[in-house]
Amino acid sequence: MRNAVDIITGGKRKALYKPILLHIINDLFRGAPYGFLIMVLWDLFAPVIDLGHIMFLMGAMVLTYLIQYIVGKYALVSVHETGYSLCSEARLNLGEHLRKLPMGFFKGRDPGDITQLMLQDMTFVENIFTHLIADIVAAFTLPIILILFMAVLDIKLALVAVITILISFPFLL
C-alpha cells in the first residue's frame, strides 16, 4: 500500500500528512458532541439533576460544532488541493510515460483506448485521494476517540464497545 501511494504521488507521500492531520483534528471535534451527549444523559439519570452543568455541556457541544465546521472546512480544502495537485502531476508523468513507449506497443491497440483507460484509472485514484481519505481517517479515529472517552467515563462501557468492534471484524473482511 505504501509503495503504491509512493508511485502515485511520485514519492511525495508526505504531502498527504497535513490533510490527514487536519481530518484527525476534525474527527476529534466530530466525536466530542457524542461525548457531551453521553455526559448529559449521565447527568439526567443522576439522583440530583444539575441544570447548570447540563447547560454548560450543551454550550460546549455547540462550541465543538463551530470548531468542527472551521477545522473541517480547512481539512476539506487541504485534502482536495493536495489530492488534485498530486494526481495532476501523476497524470503528466503517465502521459510522459505513454509518449516514451515504443511504437510497437501501440500496434494492434488503439492509442485512444489505452490513454482513456489510463486516465480513467487516474480519475479513480484522484477520487480516493480527494474524497475517501476523510472517510478512512474517520473510520479509524472516531471509534478510538469514543472508546477512550468511554474508558474515562466508565470502563465497563468501553469494554462493551471494544468487544462489539472485535466481534464486527470478521464481517468486515
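The side chains of Asp-27 and Arg-30 form a salt bridge, with 3.1 Å from N to O. The model is predicted, and the structure holds 1 salt bridge. Both partners sit in helix H2, 3 residues apart.

- Side chains of opposite charge can pair when their charged atoms come close.
- Asp-27 and Arg-30 are separated by about one helical turn, because they are 3 residues apart in helix H2.
- Asp-27 has 0% relative accessibility and therefore counts as buried, the cut-off being under 20%.
- Arg-30 has a relative accessible area of 30%, so this residue is partly exposed.

**Nonpolar patch**

- The patch is formed by Leu-37, Leu-41, Leu-44, Phe-45, Ile-49, Leu-51 and Met-55.
- Together these residues have about 750 Å² of accessible area.
- Helix H2 gives the most to the patch, with 3 residues.
- One of the patch residues, Leu-37, lies in helix H2.
- Leu-37 counts as partly exposed because its relative accessibility is 42%, which falls between the 20% limit for buried and the 50% limit for exposed.

**Packing of H2 and H3**

- Two packed helices are described by the angle between their axes and the distance between the axes.
- For H2 and H3 the angle is about 160°, and the axes are 8 Å apart.
- This angle makes H2 roughly antiparallel to H3, since angles over 145 degrees count as roughly antiparallel.
- The crossing of the two helices, H2 and H3, is left-handed.

- Tyr-34 is another residue located in helix H2.
- With a relative accessibility of 48%, Tyr-34 counts as partly exposed, because exposed requires over 50%.
- Tyr-34 and Leu-146 are 112 residues apart in sequence.
- In space, the C-alpha atoms of Tyr-34 and Leu-146 are 8.0 Å apart.

Conventions
Residues are numbered from 1 along each chain as its sequence is written. This is a predicted model: local features need pLDDT of at least 70, side-chain atom pairs count only at pLDDT 80 or more; totals for chains, interfaces and linings use all residues. Side-chain values use heavy atoms; hydrogens and water are left out. Patches are made of residues with over 30% relative accessible area and no salt bridge: like charges are joined within 9 Å, nonpolar side chains (Val, Leu, Ile, Met, Phe, Trp, Tyr) within 5 Å. Accessible areas come from the Shrake-Rupley method with a 1.4 Å probe; for residues, only the protein chains shown count as cover. A salt bridge is a side-chain nitrogen of Lys or Arg within 4 Å of a carboxyl oxygen of Asp or Glu. Helices (H or I, at least four residues) and strands (E, at least two) are DSSP runs, numbered from the N terminus. Buried means under 20% relative accessible area, exposed over 50%, partly exposed in between (1.4 Å probe, protein chains only). Axes are lines fitted to C-alpha atoms, for helices over the stretch in contact, and angles run from 0 to 180 degrees between N-to-C directions. Angles under 35 degrees count as roughly parallel, over 145 as roughly antiparallel, 65 to 115 as roughly perpendicular and the rest as oblique. A crossing is left-handed if the near helix is turned anticlockwise from the far one by less than a right angle, and right-handed if clockwise.
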